[in-house]
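Subject: Structure for you to look at

Hello,

Here is the structure I said I would pass on.

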Protein chains: 2
Amino acid sequence: MAEPIDFYFDFSSPYGYFMAEKIDALAAAHGRSVRWHPFLLGAVYKVTGEVPLPSKPLKGDYSKHDFERSARFLGLSCRIPEAFPIGTQIAARAFYWLDERDPVAARAFALAAYRAYFGEGRDISQETAVLDLAAAHGADRAGLAEALAGEAVRNRLKDECAQAIARGVFGSPFVIIDGEPFWGVDRIPQIERWLQTGGF
Amino acid sequence: MAEPIDFYFDFSSPYGYFMAEKIDALAAAHGRSVRWHPFLLGAVYKVTGEVPLPSKPLKGDYSKHDFERSARFLGLSCRIPEAFPIGTQIAARAFYWLDERDPVAARAFALAAYRAYFGEGRDISQETAVLDLAAAHGADRAGLAEALAGEAVRNRLKDECAQAIARGVFGSPFVIIDGEPFWGVDRIPQIERWLQTGGF
């Protein structure tokens, strides 16, 4: 049985969203499953000295245009919300809390959170929005609210960010297949060939 | 008659090299020609505050791996030379001097310079290497050497860099089709669809 593919993403990353819409089917077509790992680009940028894409001179303007063009190219829709980028620690902590209880619901919550943010412009940095989305996927709303106020989910997300950095993750999306790293949704063609051929 | 496609590249950029191997055939398949514009990433980075990819934490190591994997994916070969990145102002100035005299020879020189650097590890930052490559493509070696010592080719390259920045070019390769900007060799699939459909 082949090892699952690891998929790292930040909930505020449009390219991460596009990969989230594609990665499970892509992996399944080659008999592979996927482990989802939300992380915080902010935690990575503290190590790398990077700044968020939209605030970069020249590249920032291009990126906003490329986000929406790349969505159309991939058959998806994406409108960059006015509040962008946003803090995604609450959504990421909720994901891990859900994932420990019901991995299928956690996956559905993650996709729903991405679609709410990039499809409907809902501000998923807010706890209320996160609780609504989680409850819609069967979560115990009060239990999740209590967990979000505690230390355990904070520490879990901190650990996940540290592990991501230790594995060389510096951007979103980031996919690791049998140790081979792929950064960016534009690496889908290489990922497909890698899965087909076992490496090239 | 459709406008030519503009192709911006730095001679020290592996992804620029890959695009140089692909762009003319890609454009020709859709009845388009290409204007080649070598520029200096260093001049752009002065404006954007960017640093060269290989010196970035985490991303630098990934990139060196991705350069060679992307080359294999595209059916090309690429070995990153020990001296990398290098200054490419002499190669770029020589290109523009050649281009004013014989655009076909200038194009052949550019591809030969890329292949010499990324294929054979020749240090094309050196004037001797540039003169050798240009002479091999029919250039008047003494005439080019004299030009490289003068002001005209320096000013031409400065103007080209300023124009690139004014058009929003922030990386290499950068392709502009009828005003639509595409950054990166991984945008080839989007470029192909754009040329097929006139936009999407």
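The side chain of Ser13(A) reaches the backbone nitrogen of Gly16(A) at 2.8 Å. This is a predicted model in which local features need pLDDT of at least 70 and side-chain atom pairs count only at pLDDT 80 or more, while totals for chains, interfaces and linings use all residues. Residues are numbered from 1 along each chain as its sequence is written, chains are lettered from A and ligands numbered from 1 in the order in which they are written, and side-chain values use heavy atoms, with hydrogens and water left out.

Ser13(A) is listed by UniProt under "active site", in an unreviewed entry. UniProt positions are given in the numbering used here, feature names are shortened, and annotations may be inferred rather than shown by experiment. The residue sits in the loop between strand S1 (5–9) and helix H1 (14–28) of chain A. Helices (H or I, at least four residues) and strands (E, at least two) are DSSP runs, numbered from the N terminus. Ser13(A) has a relative accessible area of 6% and is therefore buried (buried means under 20%, exposed over 50%, partly exposed in between, with a 1.4 Å probe and protein chains only). Apart from neighbours within four places in sequence, Ser13(A) is in contact (heavy atoms within 4.5 Å) with Tyr114(A), Phe118(A), Ser172(A) and Pro173(A).

Next, two residues of chain A that touch chain B.

His65(A) lies in helix H3 (residues 59–73) of chain A. Its relative accessible area is 35%, so His65(A) is partly exposed. Leaving out neighbours within four places in sequence, His65(A) is in contact with Glu180(B) and Pro181(B). The side chains of His65(A) and Glu180(B) are joined by a polar contact of 2.6 Å (a pair of N or O atoms within 3.5 Å; within protein, one must be able to donate a hydrogen and the other to accept it, and residues adjacent in sequence count only if both atoms are side-chain atoms).

Thr48(A) belongs to helix H2 (residues 41–48) of chain A. Thr48(A) counts as buried because its relative accessibility is 14%. Again leaving aside neighbours within four places in sequence, Thr48(A) is in contact with Pro57(B) and Leu58(B).

Regards
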